[in-house]
There are 2 protein chains.
Amino acid sequence: MSGGVEWALHCCVVLTSVDEPAPAARLAQLHDVSPSYLAKQLQALSGAGLIRSVQGKAGGYILARSPGSITVLDVVEAVDGPAPAFVCTEIRQRGPLATPPEACTTPCAIARTMAGAEQAWREALRSVSIADLASDVGSTNPGALAGISTWLRQV
Amino acid sequence: MSGGVEWALHCCVVLTSVDEPAPAARLAQLHDVSPSYLAKQLQALSGAGLIRSVQGKAGGYILARSPGSITVLDVVEAVDGPAPAFVCTEIRQRGPLATPPEACTTPCAIARTMAGAEQAWREALRSVSIADLASDVGSTNPGALAGISTWLRQV
DNA sequence: ACAATCTCGGACACTTTGTATCCGAGAACA
DNA sequence: TGTTCTCGGATACAAAGTGTCCGAGATTGT
């Protein structure tokens, strides 16, 4: 999985506690990561409609929807792409003993197993929202988001 | 995920129906894939103890254990490595507002969510064995494994 | 109305991982 | 004992991920 997913998730949690747009450069400074590369991830989130970009002098990024309606799966798919990790090559239809195409109406057992496992993974990520992550941070580290919110406003 | 996982799984299913060692080159010919690259995957399976290599003139690969005791997860971890897809960089401890290390006794909410999802994925793969895959092939395509078994013996 | 300044957006190099290949070491058979 | 076949690790090639840059566009203030 792409490493930028972690950055994107942290940024979404941070954006929960701000109401004014936050510039990408400032978010990168907060996390001490590459500003240019973080911009790429934020672009992906913007393209997926999870966050909204505001251009101009006081521009930046803000959440496009309610934190409770954005799931972790949404962020992962936006950054890493919606393609599944396992893709069946249908090698059962290749080679000297290839099974005829008319007998391949359903996916093979291997493909079904992999698809089921990825479905379970996807479901687990869909059951957690950005709001859940933010509330967890608020309980384990009280006042952290408030401090970040004020810090983002400062010059 | 590495594409060689599919090849390795198909080879394990095929090895279910043979009792004599099957050479890697013949398995590659059966599936119409790169012989050299398939050899790499079989080496990984051999190193993990899932299959056993027999050198010499009538050598090849055979299953090291009962098909029911080898899970799909075993094969995936042997080929793709046991490392999890998501690795937490602990970026909460970086930047100007870094949380102190003494407050980071437990993994953050993001890391826990990802770990839980991967656990569900791993559990789904662990619940399916090579014997299950072979029996499925035997029911949807009767006689296929028998034909492969005889073909592997031929010159 | 206009210019200045700050923002995002996509196009451009570099590094790491995955893909594919080859030849040497070792064991069984004649 | 020699031959032939096998696996095993070390070696090139390709693709995707990582990181960076500059131009297009909008807002703010004059």
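A residue is near a molecule or strand if one of its heavy atoms lies within 4 Å of it. This is a predicted model, in which local features need pLDDT of at least 70, side-chain atom pairs count only at pLDDT 80 or more, and totals for chains, interfaces and linings use all residues. Residues are numbered from 1 along each chain as its sequence is written, chains are lettered from A and ligands numbered from 1 in the order in which they are written, and side-chain values use heavy atoms, with hydrogens and water left out.

**Exercise 1.** Determine which residues come nearest to DNA strand D, and describe their polar contacts (pairs of N or O atoms within 3.5 Å).

*Solution.* 
1. Around DNA strand D there are 20 residues, of which A:Ser2, A:Ser34, B:Ser53, B:Gly56 and B:Tyr61 come nearest.
2. B:Gly56 uses a polar backbone atom, 2.9 Å from a sugar or linking oxygen.

**Exercise 2.** State how many residues of helix α2 of chain B are buried, and identify them.

*Solution.* 
1. Buried means under 20% relative accessible area (1.4 Å probe, protein chains only); a helix is a DSSP run of H or I with at least four residues.
2. Six of the eight residues in α2(B), residues 24-31, are buried.
3. They are B:Ala24, B:Arg26, B:Leu27, B:Ala28, B:Leu30 and B:His31.
4. After the helix comes B:Asp32, with a positive phi near 60 degrees.

Definitions and conventions. Buried < 20%, exposed > 50% of the residue type's maximum accessible area, 1.4 Å probe, protein only. Helix = DSSP H or I, 4+ residues; strand = E, 2+ residues; numbered from the N terminus. Polar contact = N/O pair within 3.5 Å; in protein donor to acceptor, adjacent residues only side chain to side chain.
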